Amino acid sequence: MFIGQGRRTMPEQSGKVQTVLGLIEPGQLGRTMTHEHLTMTFECSHVPPAPGDEGLAAAPIEMKHLHWLQQNPYSHSENLLLNQEIEAVKEELLCYRKAGGGSIVENTTTGITRNLPVLRKLAKETGVHIIAGAGYYVDVTHSDETRKMTVEKLTDIIVSEVLHGADGTDIRCGVIGEIGTSWPITESEKKVLRATAHAQTQLGCPVIIHPGRNKAAPGEAIRILQEAGGNISKTVMSHLDRTLFDQQELLEFAKMGSYLEYDLFGTEMLNYPFNLDVDMPSDSQRVQALAFLIREGYEDRILIAHDIHTKHRLTKYGGHGFSHILKNIVPKMLSRATEKNLQCTAEDLQDELMKGGKTLQCRV
Ligand SMILES: CC(=O)NCCS(=O)(=O)O
């Protein structure tokens, strides 16, 4: 998550993590969710409700509608306005800290209503380190002005968001992304990807990519970044849990060298409306996919998160909240590590023992 030595970075930024409150040492991060949203809007992805569901789609969010909402999160307009829940998110972040969380990478970029002053306020009031994202979301959110920009202009803007501050503020982003791509990747998105690679070269900072909903999408995005000089070893491919299912194809992609992010923990949905061919995995299946990657030697390339981006996933609305991974998924992983005799490091083991006092039999 730290900024490397780039041509344009200031010496004091090099090797540090740039949060919305300033620079910190990587050692101060603590447990980090690398793909979350604390305030954003997602109207760009509204899905019209099925015939007969119009009433549910317009009704206030209530317990009796929760299952419908979990199955149809994008068909309820109000559910897409996470930006209305600042107080609830603040409460969640306080719980996240209590659960052992230290930092959150906030992936909201231009197009889905990034709000840096709110992020700074949340960081101040909760003590959670928040790292903001530079750059642009998917094509449908690109303004006419963005579409007309050259790669050089887009690069300058992204660089400036990290070096000087974004959206007219002095609040600096610390990563580039999530950079949005659709499938097929559009011309405007290709320009943004090239600008991302050029900005990364100048800054040495991490990049996070949102791939289109097709198994070819992650590889294609990485190829474009690579050709433009991007550092793939400092690039995160998000949303693999809804994108790459075949184990061989996953390994082929892993060889390209990016971080492999499973970031939809907590999402269990029967019909994924953006690609009905996709069977959205359960959390147990996500854990199995990660165990497979660990057995194949990719332990150090895996990142996990919840990618909360709608209201119904907040605990206020009966959702799993930002602490689900720490409270539920980590113990599940550890139980599977024991059963499947997966290797874990002495440090992990000690950390978990100190936290929960559990007896674990991981091979050290
Ligand atoms: C905010 C965002 O882009 N989330 C990803 C949703 S998706 O359904 O996995 O594409």
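**Rings, charges and a right-handed crossover**

Arg286 lies over the face of Phe265, 5.7 Å from the ring centre. Here a charge sits over a ring if NZ of Lys or CZ of Arg is within 6 Å of the ring centre and within 35 degrees of the ring normal. Arg301 takes such a place over the face of Tyr259, at 3.8 Å from the ring centre. This is a predicted model: local features need pLDDT of at least 70, side-chain atom pairs count only at pLDDT 80 or more, and totals for chains, interfaces and linings use all residues. Residues are numbered from 1 along each chain as its sequence is written, and side-chain values use heavy atoms, with hydrogens and water left out.

Now the aromatic pairs. The structure holds four of them. One is Tyr272 with Phe274, edge-to-face, at 5.5 Å centre to centre and 90° between the planes. Rings of Phe, Tyr and Trp (its six-membered ring) pair if their centres lie within 6.5 Å; planes under 30 degrees apart are stacked, over 60 edge-to-face, and the rest tilted. Tyr272 counts as buried because its relative accessibility is 4%. Phe274, at 22%, counts as partly exposed. The cut-offs are under 20% relative accessible area for buried, over 50% for exposed, and partly exposed in between (1.4 Å probe, protein chains only).

Next, the strands. Strand β6 (residues 175-180) is mostly covered, with six of its six residues buried. Helices (H or I, at least four residues) and strands (E, at least two) are DSSP runs, numbered from the N terminus. β6 pairs with strand β5 (residues 129-134) in the parallel sense, over two bridges. Strands pair if DSSP finds at least two bridges between them. Ala134 has Ile176 of β6 as its bridge partner. Three bridges join β6 to β7 (residues 207-210), also in parallel. There, Ile179 stands opposite Ile209 of β7. Between β6 and β7 the chain passes through helix α7 (residues 187-203), in a right-handed β-α-β crossover. With the strands pointing away from the viewer, a right-handed path from the first strand over the helix to the second runs clockwise.

Finally, α7 itself. Its 17 residues reach 24 Å from first C-alpha to last, close to the 24 Å expected at 1.5 Å a residue. That expected span is 1.5 Å times one less than the number of residues. Twelve of the 17 residues are buried, among them Val192, Leu193 and Leu203. Their cover includes β6, β7 and α8 (217-227). After α7 comes Gly204, with a positive phi near 70°.

Definitions and conventions:
Contact means heavy atoms within 4.5 Å.
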